[in-house]
Each structure stands twice: as structure tokens, then as C-alpha cells.
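Subject: Structure handover

Hello,

I am passing on the structure we spoke about. Please look through it first; my notes follow below it.

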Amino acid sequence: MAEIELKTAPADYRFPTTNQSRHCFTRYVEFHRCVAAKGDDASECEKFAKFYRSLCPGEWVDRWNEQRENGIFPGPL
């Protein structure tokens, strides 16, 4: 049986505390900025997607996606 390797986002000096909510939000914004700059199929953006998916609760991501679709997302995209 193959080994399963679980990973999360690497440590980031900008977020030294244990509360990772800001780290989650920043990685989400970085992913969408990357996609906006390089296109939907850009492989270099995938690392940001993996980071925010491992850090952020699904409910937050769903809400942010809905806000982006409605043009009311509070972040700097």
C-alpha cells in the first residue's frame, strides 16, 4: 500500500503567532492575484491554492468565493 504524505503551508515569518486566520486570508488573496495575473491554467499558482486549502476552513472559502462573484470581496484582489 502506498504511503500518504500530508503537507500544509510552510511557516511564514509574516505570521509568527499560532492564530493562522490572517495567514489563511493572505494565501487566498495571493492565489487569486496569481490567477488574475497569469491565467486560470498557470501551474505556478497551484502552490497558493494548496496553501489556502490546507489553512482555511471550507465555510470561509465558500463565503469568499460568493463575495468575489458578487463583487463585494473585502480583500485587495
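Which residues of helix H2 (residues 46-55) are buried? They are Phe48, Ala49, Phe51 and Tyr52. Viewed along the axis of H2, these buried residues lie within an arc of 165 degrees, so they line one face of the helix. Lys50 and Arg53 are exposed on the other side of H2.

Please keep in mind that this is a predicted model.

Overall layout

The protein chain contains three helices and zero strands, in the order α-α-α from the N terminus on. Along the principal axes, its C-alpha atoms fill a box of roughly 45 × 30 × 25 Å. Of the 77 residues in the protein chain, 35% are buried.

Salt bridges

A search of the whole structure gives three salt bridges.

- Arg27 and Glu30 form a salt bridge, with 3.3 Å between the closest N and O atoms. The two residues are three places apart in helix H1 (residues 21-38), so about one helical turn separates them. In general, an α-helix has 3.6 residues a turn, so residues three or four places apart point the same way. Arg27 counts as buried at 7% relative accessibility, and Glu30 is buried as well, with a relative accessible area of 19%. The cut-off for buried is under 20%.

- Lys38 is joined to Glu44 by a salt bridge, the closest N and O atoms being 3.8 Å apart. Glu44 counts as partly exposed, at 39% relative accessibility.

- Glu46 and Arg53 meet through their side chains in a salt bridge of 3.5 Å, N to O. Glu46 is partly exposed, with a relative accessible area of 35%. Arg53 is exposed, with a relative accessible area of 51%; the cut-off for exposed is over 50%.

Surface charge

Which residues gather in a patch of negative charge on the surface? The patch consists of Glu59, Asp62, Glu66 and Glu69. Glu59 belongs to helix H3 (residues 58-70) and counts as exposed because its relative accessibility is 59%.

In short, the notes cover the buried face of H2, the three salt bridges and the patch of negative charge.

Regards

Conventions: Residues are numbered from 1 along each chain as its sequence is written. This is a predicted model: local features need pLDDT of at least 70, side-chain atom pairs count only at pLDDT 80 or more; totals for chains, interfaces and linings use all residues. Side-chain values use heavy atoms; hydrogens and water are left out. Patches are made of residues with over 30% relative accessible area and no salt bridge: like charges are joined within 9 Å, nonpolar side chains (Val, Leu, Ile, Met, Phe, Trp, Tyr) within 5 Å. Accessible areas come from the Shrake-Rupley method with a 1.4 Å probe; for residues, only the protein chains shown count as cover. A salt bridge is a side-chain nitrogen of Lys or Arg within 4 Å of a carboxyl oxygen of Asp or Glu. Lys and Arg count as positive and Asp and Glu as negative; His and the chain ends are not counted. The place of a charge is taken as NZ of Lys, CZ of Arg, CG of Asp or CD of Glu. Helices (H or I, at least four residues) and strands (E, at least two) are DSSP runs, numbered from the N terminus. Buried means under 20% relative accessible area, exposed over 50%, partly exposed in between (1.4 Å probe, protein chains only). The arc is that of the directions from the helix axis to the C-beta atoms.
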